[in-house]
Amino acid sequence: MKQLRTLFLLLLLLGGMLSGYAQNQDRRPTYVLVHGAWHGGWCWQAVAQRLTDAHNKVYAPTLTGLGERKHLIDPSVDIDTHIQDIVNLIEMEDLHNVYLVGHSYAGAVIAGVADRIPSRLHKLIFLDAMIIEDGQSPISLQPKTVQEVQLKNIQQKENFAPFDVALFGVTAPSMVSWVKDRLSPQPFGTFAQQLHLKNPYGNGLPLVYIACTDPQLPIMKEMSEKVRSDHKLNWHYREIATGHDAMLTEPKKLADMLMALVD
């Protein structure tokens, strides 16, 4: 009986070692796709499926207070909460060499993640995203008239209602309904909080910016122009001819573009 128990324990140990070895030998590219304001992990479905079909590892988490986690919205949710969401995912899943993709507002999130755990990341990919630097907040980049409206929301602790889906470039009737049903209010603290970085922007990681240009939102045009003129950080700049929500309107093109960035 004792011998059988010993053999059983040895087999368990060997199985664990083999499992760990297999995980360490998994060289597939790993993507973590972070959605923007009002959205959730649901918006990446088509892109994630194409990446998975091409034998990549894909994670599309939903940030606290949004999507299927909208019941968790409260005044304490801010940029730091969302940064920690992604840090926790990467650490708990023990991910390394991650291609971290941030759409729109999530440009602030992935910049914060890179500031905290750069050793687990391979490349930062900003999809029509906000370039928010140390000491800035999402509303600090908005035109003055927009800032005034958003500051009133923040002072009254009111969450931000979703924009019309047409602004995101979503116009196909069937998709308009599907997206509209899934958008949820954005926690006001995520727009109010300043991003605090301890290291230079990007923390030494390769930076990619994918601009959505047809049509291009005015504020995102400012972002893309800023990137193209920034020779200090050596951005790799790409464009995709679709609206702001490229993951919904051109999932195949976007997935192919993301796979082309693997090195």
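**Helix crossing**

I looked up H2 and H10 and found that H2 passes H10 in a right-handed crossing (the near helix is turned clockwise from the far one by less than a right angle). The contact (heavy atoms within 4.5 Å) uses Ala-46, Val-47, Arg-50 and Leu-51 of H2. From H10 I noted seven names: Pro-251, Lys-252, Leu-254, Ala-255, Asp-256, Leu-258 and Met-259.

**Source notes**

This is a predicted model, where local features need pLDDT of at least 70, side-chain atom pairs count only at pLDDT 80 or more, and totals for chains, interfaces and linings use all residues. Residues are numbered from 1 along each chain as its sequence is written, and side-chain values use heavy atoms, with hydrogens and water left out.

**Salt bridges**

How many salt bridges does the structure hold? I found nine (a side-chain nitrogen of Lys or Arg within 4 Å of a carboxyl oxygen of Asp or Glu). One of them joins Asp-263 and Lys-123, with the closest N and O atoms 2.8 Å apart. Asp-263 lies in the segment after H10 and Lys-123 in strand S4, so the pair ties together parts 140 residues apart in sequence.

I checked exposure next (buried is under 20% relative accessible area, exposed over 50%, partly exposed in between, with a 1.4 Å probe and protein chains only). Asp-263 is exposed at 65%. Lys-123 is buried at 7%.

I also looked up Lys-253, which forms a salt bridge with Glu-250 at 4.0 Å between the closest N and O atoms. Salt bridges that share partners join Arg-50, Lys-252 and Asp-256 into one network.

Conventions: Helix = DSSP H or I, 4+ residues; strand = E, 2+ residues; numbered from the N terminus.
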